[in-house]
Amino acid sequence: MRFLIIEDDSDTARYICNGLEEHGHTVAWCNDAVVGLNRAANEAWDLIILDRMLPQNADGLSIITALRETGKTIPILILSALSSLDDRVQGLRGGGDDYLCKPFSFAELLARCEALLRRAGIQDESHELRVADLRLDLRTRRAIRANQSIELQPREFRLLEYLVRHQGQVVTRTMLLEGVWDYHFDPQTNVIDVQISRLRNKIDKNFLPALLHTVRGVGYMIAVND
């Protein structure tokens, strides 16, 4: 499933993103209303998690109003520190499909998201990713190649998942820094090279064909080459 998080608090956003990704979902995060509305309106999402109090005094409800006016019916879960009865009623009458007050537990957030997806008739059938004889179970976070279990550290699994989701495409170092390490800058380290080397040893050593390829000067690719 594809989730869009519109939340200005980085700690809260990271907490939600990490939890959803651990459950096999694809997550994007925006920290302001303008970018959030643009991505919500112009990209395909299965569910939006929306804070109400955004920078520059923007109310998340304005995003809902704008989306609903364009006919967008995507499920929206409002997540807010505004917790009074009036706030909750205003949020639901403003177009939100559910309202969860902060502080919150991730288990309840996930359960409410799953309920919204069921209500919208959206089925989550993407529990497994495959490329050749390599399988990734997104629920158990296990990798299996040629029926052999491969032990991966959490970061290694996240790196492999990102590459497999983009199989057949060149993945640049910038894409990996943002998508796997949540870095929006170049840390000027060899962290990617080290992790790629470890991953290659685990998924390709003693197996054929090789799946993880280096695209010199550009990045990496997961693919079955002829």
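Where is the place of Pro209? Pro209 sits in the loop between H8 and strand E13 (212-215). Helices here (H or I, at least four residues) and strands (E, at least two) are DSSP runs, numbered from the N terminus.

A word on the model before I go on. This is a predicted model, where local features need pLDDT of at least 70 and side-chain atom pairs count only at pLDDT 80 or more, while totals for chains, interfaces and linings use all residues. Residues are numbered from 1 along each chain as its sequence is written, and side-chain values use heavy atoms, with hydrogens and water left out.

Back to the loops. The bond joining Leu208 and Pro209 is a cis peptide bond, with omega about -5°. Lys102 to Pro103 is also a cis peptide bond, omega near -5°. Pro103 lies in the loop between strand E7 (98-101) and H5. Then look at Gln56. Its phi is near 60°, a positive value in a residue other than glycine. Find Gln56 in the loop between strand E4 (53-54) and strand E5 (58-59).

Now helix packing. Two packed helices are described by the angle between their axes and the distance between the axes. The axes are lines fitted to C-alpha atoms, for helices over the stretch in contact, and angles run from 0 to 180 degrees between N-to-C directions.

Take H2 (residues 33-42) and H3 (residues 60-69). Their axes come within 10 Å and cross at roughly 25°. H2 and H3 are therefore roughly parallel to each other. The cut-offs: under 35 degrees is roughly parallel, over 145 roughly antiparallel, 65 to 115 roughly perpendicular, and the rest oblique. The H2 and H3 crossing is right-handed (near helix turned clockwise from the far one by less than a right angle; anticlockwise is left-handed). From H2, Ala33, Leu37, Ala40 and Ala41 meet Ile63, Ala66 and Leu67 of H3. Contact means heavy atoms within 4.5 Å. That contact of H2 with H3 has seven nonpolar, no polar and no charged residues. For the classes, Ala, Val, Leu, Ile, Met, Phe, Trp, Tyr, Cys and Pro count as nonpolar, Asp, Glu, Lys and Arg as charged, and the others, Gly among them, as polar.

Next, H1 and H5 (residues 106-119). The axes come within 11 Å and cross at roughly 60°. That makes H1 oblique to H5. The crossing of H1 and H5 is right-handed. H1 brings Tyr15, Ile16, Gly19 and Leu20; H5 brings Phe106, Leu109 and Leu110.

On the H6 side, the contact uses Arg155, Glu156, Leu159, Leu160 and Leu163. On the H8 side, it uses Gln195, Ile196, Arg198, Leu199, Lys202 and Ile203. By class, that is six nonpolar, one polar and four charged.

Last, the largest pocket. What is its volume? About 820 Å³. A pocket is an open set of points on a 1 Å grid over the protein atoms alone, where a 1.4 Å probe fits, with protein on both sides within 12 Å along at least five of seven lines; lining residues have an atom within 4 Å of a point. Volume is the space filled by probe spheres set on the points, which are joined across faces, edges and corners.

The largest pocket is lined by 26 residues. Nearest its centre lie Glu21, Val27, Ala28, Glu178 and Gly179. Helix H1 (10-22), strand E2 (26-30), helix H6 (154-165) and helix H7 (173-179) each give two or more residues to the lining. H1 gives the largest share, six residues. By class, the lining has eight nonpolar, eight polar and ten charged residues.
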